[in-house]
Amino acid sequence: MSTTGNLTFLVAERTRAAHEQAESKPFITGLLAGSGSVRCYVSLIGALLPVYQALESQMRCNNDDASIALFDHRRLDRSARICADLRGFGQDPEGTVVNPATRRYVESVESAAASPQRLLAHHYTRYLGDLAGGQAIARSVMTHYDVNPDLLSFYDFSDLGDVVHYRRRYKSLLDLVPWSAGEKQEFVDEVVRAFELNSSLFEELEGKGEPADVRTNLRGLFRAERAHSPR
């Protein structure tokens with residue numbers, strides 16, 4: 001594959017199969033379709049919390065690199081919001097056990113910090129996904145499981161203003177970063193890896209069913225889940 005053209009176009013082309021594989025996993029399709037539960041959603045954000053903590057930490061530690069600094073915006077940070085949402089669901093963020101798939105994801109983010117291209121690949125995959133498909137997840141959770149929007153601050157990017165404009169600007173800036181063909185390839189390969197890590201995480205959550213590793217306040221969850229409780 002040539003990496004001399006528009007980078008965001010190349011990423012979309014090269015990662016399409018991995019992207020489609022991740023978003024077609026039963027765990028996430030069920031959550032979106034309404035056949036999941038509030039517990040499923042809470043297990044998802046609990047599993048993602050360490051990933052965001054690692055990503056935010058590595059971005060701050062490496063923003064002396066010009067390309068990292070260009071995209072390292074604190075308004076994108078999600079970990080504090082996820083913690084607030086988990087507490088709203090009656091859970092202690094500090095008490096969440098880290099699943100193997102999450103651990104592998106965190107290790108990959110930490111390893112990627114050795115290269116600006118690889119680290120930004122994870123940044124691109126997570127945050128642009130949150131600004132697009134993540135919004136569909138939030139709408140589905142509100143619609144199907146009757147969850148109050150106050151418990152979905154994870155997907156609230158109102159601090160950014162027009163999120164469509166922000167996504168376009170992000171992609172435009174990415175296309176302007178003066179990376180070599182080899183550096184672009186490194187970025188693309190790591191985006192594929194990020195989608196594969198997401199697929200593994202969804203598979204693990206699906207396999208667990210009711211997430212025994214999540215410290216659940218049942219009263220809070222039953223109140224939020226109401227008629228959608230599987231019990």
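Reader: Let us begin with one side chain. Is arginine 74 buried, partly exposed or exposed?

Author: The model before us is a predicted one. Buried stands for a relative accessible area under 20%, exposed for one over 50%, and partly exposed for what lies in between. Arginine 74 has a relative accessible area of 39%, so this residue is partly exposed.

Reader: With which residue does arginine 74 form a salt bridge?

Author: The general idea is that a side-chain nitrogen of Lys or Arg lies within 4 Å of a carboxyl oxygen of Asp or Glu. Here the partner of arginine 74 is aspartate 72, and their closest N and O atoms are 2.8 Å apart. Aspartate 72 counts as buried, because its relative accessibility is 12%.

Reader: How should I read the accessibility of glutamate 203, buried or partly exposed?

Author: Each partner is judged by its own value. Glutamate 203 has a relative accessible area of 43% and is therefore partly exposed. Lysine 25, with 13%, is buried.

Reader: Which side chain meets arginine 118 in a salt bridge?

Author: That side chain is glutamate 190, at 3.1 Å from N to O. Arginine 118 sits in helix α7 and glutamate 190 in helix α10, so that distant parts of the chain, 72 residues apart, are linked. Both arginine 118 and glutamate 190 are buried. Elsewhere, salt bridges with shared partners join Arg60, Asp72, Arg74 and Asp77 into one network.

Reader: How many aromatic pairs does the count come to?

Author: A pair of aromatic rings is described by the distance of the centres and the angle of the planes. The count in this structure comes to 9 aromatic pairs. Among them is the pair of phenylalanine 27 and phenylalanine 202, with 6.4 Å from centre to centre and 15 degrees between the planes. Planes under 30 degrees apart count as stacked, and therefore this pair is a stacked one. Because phenylalanine 27 lies in helix α2 and phenylalanine 202 in helix α10, the pair ties together parts that are 175 residues apart in sequence. Phenylalanine 27 is buried at 5% relative accessibility, and phenylalanine 202 is buried at 10%.

Reader: Which residues form one aromatic cluster?

Author: Phe71, Tyr124, Tyr170, Trp179 and Phe187 form one such cluster. Phenylalanine 187 is found in helix α10. Its relative accessible area is 0%, so phenylalanine 187 is buried. The C-alpha atom of phenylalanine 187 is separated by 5.4 Å from that of alanine 121, although the two residues are 66 residues apart along the chain.

Reader: Over the face of which residue does arginine 78 lie?

Author: A ring may also have a charged side chain over its face. Arginine 78 lies over the face of phenylalanine 157, at 3.7 Å from the ring centre.

Reader: What is the volume of the largest pocket?

Author: The largest pocket has a volume of about 720 Å³. Its lining consists of 30 residues, of which His19, Glu23, Thr125, Gly129 and Phe195 are the closest to the centre. By class, the lining holds 15 nonpolar, 8 polar and 7 charged residues.

Reader: Which helix gives the most to the lining of the largest pocket?

Author: Helix α1 does, with 9 residues. Helices that each supply at least two residues of the lining include α1 (7–23), α7 (116–130) and α10 (181–208).

Reader: Finally, the backbone. What is phi of aspartate 146?

Author: Phi of aspartate 146 is near 55 degrees, which is a positive value in a residue other than glycine. Aspartate 146 is placed in the loop between α8 and α9. With a relative accessible area of 40%, aspartate 146 is partly exposed.

Definitions and conventions:
Residues are numbered from 1 along each chain as its sequence is written. This is a predicted model: local features need pLDDT of at least 70, side-chain atom pairs count only at pLDDT 80 or more; totals for chains, interfaces and linings use all residues. Side-chain values use heavy atoms; hydrogens and water are left out. On a 1 Å grid over the protein atoms alone, a cavity is a set of points where a 1.4 Å probe fits but cannot get out, and a pocket is an open set with protein on both sides within 12 Å along at least five of seven lines; lining residues have an atom within 4 Å of a point. Grid points are joined across faces, edges and corners, and a volume is the space filled by probe spheres set on the points. Helices (H or I, at least four residues) and strands (E, at least two) are DSSP runs, numbered from the N terminus. Ala, Val, Leu, Ile, Met, Phe, Trp, Tyr, Cys and Pro count as nonpolar, Asp, Glu, Lys and Arg as charged, and the others, Gly among them, as polar. Rings of Phe, Tyr and Trp (its six-membered ring) pair if their centres lie within 6.5 Å; planes under 30 degrees apart count as stacked, over 60 as edge-to-face and the rest as tilted. Buried means under 20% relative accessible area, exposed over 50%, partly exposed in between (1.4 Å probe, protein chains only). A charge sits over a ring if NZ of Lys or CZ of Arg is within 6 Å of the ring centre and within 35 degrees of the ring normal.
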